[in-house]
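Let's walk through a few labels together and see what stands behind each one.

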Amino acid sequence: MPTFSLPETVFSFGGDEFIYAEITRDMKVESNLKALAVTKELRDRNIPGISDVVSSNASYLVRYNPEVISGKDLVDYLKEIDYTKSDPANLGISVRMLEIPVWYDDPVTRECTNRFIDRHPDPSLSNLEFCMKMNGFSDKEAFIEHHSSIPYLITMLGFMPGTAWQFPLGLKEQEMIQAPKYKSPRTDTPERSVGVGGAFTVIYPVRGSGSYQLIGRSAVPVYDSSQKLADLQDTSFLARLGDLWKYRPVNESEYMRIRKEIKDGTYRFNKKDIELSPLEYVNKGKKYIQELMEDIQ
């Protein structure tokens, strides 16, 4: 059975209070899962002097109090933990897979892209048409099917509270839908807009600026300050690092029905708990992804 190994993590200091750990320079799923495993272990150990731990796409950042623990001692401690998480067998994590219903090529995001067409790399095309062209699609339904056929791993949180960077699973690099950002950011983006930038997909949690290519709109919120929905009663934010989001195309009628259930507070997310194994992912590829998506496709 094939296996894989990760290169040695590179540690560097950022001033007197930060240590930056770079696992790999490029985005790799196994690098992200290692970052998640290491940062979880750091939080569980509750090491005196560490005030914050942040996981990123292929790295993590630790903030510490140098009056409580020296940087040199902390780096030695981090290396020990990092080494234990370099074994693929120790990288498995318990996560959720959630279904996200999306109205692709909806009128709200189309109107938004028209307002900022002068900032776009190709003003002659809509954002979705631009993404189709950049990825060799001539048929809109084929593009939508490709984008929604696989789950996306939440690799990083940031930009705006509730924004989750999602990386496609089970695809080779040349199979991933990718697109450049706007030449100059929009000053307005509707909440729940689904955007593509590079190989990542995001859902804008609230209305605001943005530069990703807009291809649709989520029917469900990823941020809800009212916490009215049963699945968001413990937190206002839907995204959790390591979770998988699976997009499901819906038409206008179903989109409106879901929006009514959201307003009434009766909507429940289609989700399931899974054990995510990077070793299985590398060894079995798409077959493993298909197994994970059973009962939620």
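A crossing of two helices is left-handed if the near helix is turned anticlockwise from the far one by less than a right angle, and right-handed if clockwise. Helices (H or I, at least four residues) and strands (E, at least two) are DSSP runs, numbered from the N terminus. The model is predicted, so local features need pLDDT of at least 70 and side-chain atom pairs count only at pLDDT 80 or more, while totals for chains, interfaces and linings use all residues. Residues are numbered from 1 along each chain as its sequence is written, and side-chain values use heavy atoms, with hydrogens and water left out.

Q: What is the handedness of the crossing of α1 and α2?
A: α1 passes α2 in a right-handed crossing, the clockwise case.

Q: Why are α1 and α2 called oblique to each other?
A: Helix α1 (residues 29-45) and helix α2 (residues 71-84) pack at an angle of about 125°, with their axes 10 Å apart. Axes are lines fitted to C-alpha atoms, for helices over the stretch in contact, and angles run from 0 to 180 degrees between N-to-C directions. Angles under 35 degrees count as roughly parallel, over 145 as roughly antiparallel, 65 to 115 as roughly perpendicular and the rest as oblique. The two helices are therefore oblique.

Q: Which residues make the contact of α1 and α2?
A: On α1 they are Lys 34, Val 38, Glu 41, Leu 42 and Arg 45, and on α2 Tyr 77, Leu 78, Glu 80, Ile 81 and Asp 82; contact means heavy atoms within 4.5 Å.

Q: Why does Ser 31 count as buried?
A: Buried means under 20% relative accessible area, exposed over 50%, partly exposed in between (1.4 Å probe, protein chains only). Ser 31, which lies in helix α1, has 0% relative accessibility, so Ser 31 counts as buried. Its C-alpha atom is separated by 9.5 Å from that of Pro 278, 247 residues apart along the chain.

Q: How many aromatic pairs does a search of the whole structure find?
A: The search finds six. Rings of Phe, Tyr and Trp (its six-membered ring) pair if their centres lie within 6.5 Å; planes under 30 degrees apart count as stacked, over 60 as edge-to-face and the rest as tilted.

Q: What makes the pair of Trp 103 and Tyr 255 tilted?
A: The centres are 5.1 Å apart, and the planes make 55°, which gives a tilted pair. Trp 103 is in strand β5 (residues 93-104) and Tyr 255 in helix α6 (residues 252-264), 152 residues apart. Trp 103 is buried at 14%, and Tyr 255 is buried at 6%.
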